[in-house]
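Trainee: Could we go through how strand pairing and burial are read from a model, with one case worked through?

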Amino acid sequence: MELNLNEQELNRRNALVQMRELGIEPYPAAMYPVNATTEDIRERFNPEEGNFADVAIAGRIMSRRIMGAAAFIELMDEKGRVQVYVKRDEICPGEDKTLYNTVFKKLLDIGDIIGIKGFAFVTQTGQKSVHAKELTVLSKSLRVLPIVKEKDGEVFDAFSDPELRYRQRYVDLIVNPQVRETFMKRSKIISTMRRFFDERGCLEVETPILQPIPGGATARPFITHHNTLDMPLYLRIANELYLKRLIVGGYNGVYEFAKNFRNEGMDRTHNPEFTCMEIYVAYKDYNWMMDFVEEMLKTVAQAVNGTTKVDINGTEVDFGAEYRRLPMLDAIKEYAGVDIEGMSEAELRETCKKLHIETDEKMGEGKLIDAIFGEYCEKHLVQPTFITDYPVSMSPLTKRHRSKPNLTERFELFVCGKELANAYSELNDPIDQLARFEDQLKLKDKGDDEAMYIDMDFVRALEYGMPPTSGMGIGIDRLTMFMTGQTTIQDVLFFPQMRPESYK
């Protein structure tokens, strides 16, 4: 493949050739003995203690100022940046000054990765720095980094085009340190949740991604084909039914951080591949799970941001305050001004018409109610709010409400108008479950391609007996958006789905 190289890229390739002609391998195989990070030097170096007297650091050259036989460079590693002082006679103690005069001054570029051995010191201006005694080329950069400049608080030449940032996340991470911070917080969110679950006796498990039946949610799946078995398989839309099989098998609490796939639209809050955590705990119900979720999110917010209060799109959201609990039909009555309790499908369709909500014949009772709720209620749910007691038609895997047979023991947690978590008192009556699956099949026959399939093996598992159980799923991508103040899901995914590009 012929590459269209600009002048700077050609110069870098020429520098690469010249390095090798000088006997310097720009991509050495040997490991480099890093023993400190830039953060270590910034935070822990104390001139009075004389520590960091023999350090080896490595990273990218992000800037440099050459002043004849001496120079200052800024070196960046995973933990940030530190200034390095390079003196010709220090790194070239003999007669041969090629490493400084030719390699360092002429052949190295911004973005090249080098190793520095030396000692920490403080400059006359009070800046903690490293005095280089040795310099080693570790990787020659053949592409030119965008150089982000800042002056008087104003940023110039920012690498901010979303199209470029998402396609070239590696460049984004190099030049935009705040992006690295977002993904470090994402990792902290997951590790905090794991510890929270583990401390409460739950077991982390793994379930199949390739499934013969796409169960556990109402969504359109991705379909593939297994050649040896000559059968279709589906990429997982949810792991719920497998996790509940494990509760049947005798585990009291199981959870999984799962990659799920749904063949649906893409927007600022949806990606076809996303991460969801689901947890199931035996002998609990949805009331217990609401308390559990409140405690978990308070713990996560405190661990990630040092406070339970988070700024989301200019609104302060407090994950530490008590969450409102509002039944769904009451929410519709409060925000839409209509009482839909006991309405038939025809009456719901007429109500949607009066409320100027578009419908089609494929929509059953559940989707009609969901349309009213989505149009009139969600936008008002800014502070963490549990919407509870969903109609049976909207919740095919949920236990019927203990005192209201037309409703179920289900809640969804909403924050800033977006669903964050979904939880049930799990349906464990196999006869009722089969009937619900059959109702879903009728919706599929009407043309609803998101309706659930019948999973007879799951029904069989329930027939062996599943204890009373509460389950909850929470979107990790959306939770990360809230905890880091990001407005699009693409900003919390390393590599969001995009249209293919022609390579340049």
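Mentor: Two strands are said to pair if DSSP finds at least two bridges between them, and here six bridges join E18 to strand E19 (residues 418-425), the two running antiparallel. Strands (E, at least two residues) are DSSP runs, numbered from the N terminus. This is a predicted model, in which local features need pLDDT of at least 70 and side-chain atom pairs count only at pLDDT 80 or more, while totals for chains, interfaces and linings use all residues. Residues are numbered from 1 along each chain as its sequence is written, and side-chain values use heavy atoms, with hydrogens and water left out.

Trainee: What do E18 and E19 form, and how many residues lie between them?

Mentor: E18 and E19 form a hairpin with two residues between them, and Cys416 in the turn has a positive phi of about 50 degrees.

Trainee: Which strand does E17 join, and through how many bridges?

Mentor: Strand E17 (residues 385-388) is joined to E18 by four bridges, again in an antiparallel arrangement. Leu413 of E18 is the bridge partner of Phe386, and Leu413 also has a bridge partner in E19, namely Ala421.

Trainee: Are the faces of E18 covered or uncovered?

Mentor: In a regular strand the side chains alternate between the two faces of the sheet. Buried means under 20% relative accessible area, with a 1.4 Å probe and protein chains only. In E18 (residues 410-415), six of its six residues are buried: Arg410, Glu412 and Phe414 cover one side, and Phe411, Leu413 and Val415 the other.

Technical notes: Buried < 20%, exposed > 50% of the residue type's maximum accessible area, 1.4 Å probe, protein only.
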